[in-house]
Amino acid sequence: MTKRTDTRAIMVKDLQIGHQNKIIIQSMCNTKTSDIEATVNQILALEKAGCQLVRLAVVSIDEAKAISEIKKRVHIPLVADIHYDYRIAIECIHQGIDKIRLNPGNIGSKKNVRKVVEECKKYHIPIRIGINSGSLEKDIHDKYGKPTAQGMIESAQRHVDILEELDFHDIALSFKSSDVNLCIETYELASKTFPYPLHLGVTEAGTLFTSSIKSSAALSVLLHQGIGDTIRISVNGDPVQEIMIAKQLLKCLHLIDHVPNLIACPMCGRTSYDIESVIKEIEPFLMNINADITVAIMGCAVNGPGEARHADIAIAGGKDEGLLIKKGQIIEKLPTEKMVDRLKEEILKMENDLNH
């Protein structure tokens with residue numbers, strides 16, 4: 001099995017993917033690329049949340065021409081998602097795109113593919129080949145009767161062969177499926193078949209609820225095996241949610257630093273304050289904290305101090321007052337309504353101390 005430290009490294013601008021034990025977090029805008037303001041604003045929000053690479057759907061030459069202006073106003077590398085028209089890919093490259101996502105088999109003749117590859121070589125632009133279980137070539141689907149790991153690998157091999165014949169090797173591969181088991185099986189097989197970095201993801205995973213479950217079920221298995229170099233969590237709605245899930249997933253697997261860990265009491269009959277609203281306030285607050293700290297929110301002062309002993313900072317609430325607990329020691333008793341503000345103060349202080 002080829003682990004991520006053994007995969008070929010590709011450079012997307014100044015961002016390395018592959019040949020390291022670092023997982024790159026990416027997302028995709030759901031704006032129209034031609035709407036420069038909306039696209040830039042969404043990318044900036046993704047950057048703030050911790051996104052390292054973002055993809056744009058580019059469906060026309062006019063949209064491709066928007067890329068240069070977008071790049072002036074954002075700070076992370078951009079990927080152009082292109083289908084069918086090789087001229088759009090070339091225009092994106094000329095406009096300064098950092099990476100191309102396409103399937104060489106769906107943009108016409110090898111002559112057209114060669115034109116794209118020549119420009120990618122000239123400007124040092126890598127290509128991601130994206131295989132989706134729902135859009136396999138008809139002959140491959142007919143051969144296996146349904147989407148299978150073997151069929152998806154066979155499809156990818158066709159596209160890889162086209163690029164390798166043109167002496168192009170700055171390639172990344174993805175194998176997307178909405179079926180968790182098929183996703184795992186295909187990536188496991190891909191890791192034994194190709195030397196290229198793998199982009200992990202469960203496609204069409206659905207809402208925040210279903211996507212977080214499906215994506216975690218599939219990607220945690222693969223990442224734990226050392227498979228995968230970059231991930232995208234597909235969520236219907238605000239793509240910032242994708243970053244939140246990705247960071248916590250990588251945090252759980254000890255594959256990312258400087259991300260807070262939130263521990264929250266599930267509540268019981270002893271809970272005597274509105275802990276749910278506290279969690280809903282603290283969770284998004286932590287998204288913008290760049291520090292490797294554990295924050296605990298406990299529902300009562302009975303077991304709270306003991307349960308929070310291993311947290312860096314914690315609160316344990318009671319009916320009218322609660323405890324602020326730091327490194328396992330009670331440092332302050334305060335009214336319940338002031339706990340959240342004090343907790344935030346301590347978190348910001350810890351972040352500042354750790355980063356300076």
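Predicted model: local features only at pLDDT ≥ 70, side-chain atom pairs only at ≥ 80, totals over all residues.
Some ground rules. Local features need pLDDT of at least 70 and side-chain atom pairs count only at pLDDT 80 or more, while totals for chains, interfaces and linings use all residues. Residues are numbered from 1 along each chain as its sequence is written, and side-chain values use heavy atoms, with hydrogens and water left out.

Start with the barrel. 8 strands close it, in the order β3-β4-β5-β6-β7-β8-β9-β10, and the pairing is parallel. Strands here are DSSP runs of E, at least two residues; helices are runs of H or I, at least four; both are numbered from the N terminus. Pairing takes at least two DSSP bridges between two strands. Look at β7, residues 127-132: this strand pairs with β8 in the parallel sense over 6 bridges. There, I129 stands opposite L173 in β8.

Now the helices on the barrel. α8 packs on the sheet and touches β8 and β9 (198-200). Contact means heavy atoms within 4.5 Å. The direction of α8 makes about 155° with that of β8. Axes are lines fitted to C-alpha atoms, for helices over the stretch in contact, and angles run from 0 to 180 degrees between N-to-C directions. α10 lies across β3 (24-28) and β10 (230-231), at about 160° to β3.

Next, the aromatics. The structure holds 2 aromatic pairs. Take F175 and Y187: the ring centres are 5.8 Å apart and the planes stand at 90°, so this pair is edge-to-face. The cut-offs: centres within 6.5 Å make a pair of Phe, Tyr or Trp rings (six-membered ring for Trp), planes under 30 degrees apart are stacked, over 60 edge-to-face, the rest tilted. F175 sits in β8 (171-176) and Y187 in α8 (180-193), 12 residues apart.

On to the open sheet. 5 strands run in the order β11-β12-β13-β14-β15, with mixed pairing. The edges are β11 (261-264) and β15 (329-335), each pairing on one side only. Inside, β12 (294-298) and β13 (313-317) pair in the parallel sense over 4 bridges. I297 stands opposite I315 in β13. Helix α13 (339-355) packs on this sheet, touching β12, β13, β14 (321-326) and β15.
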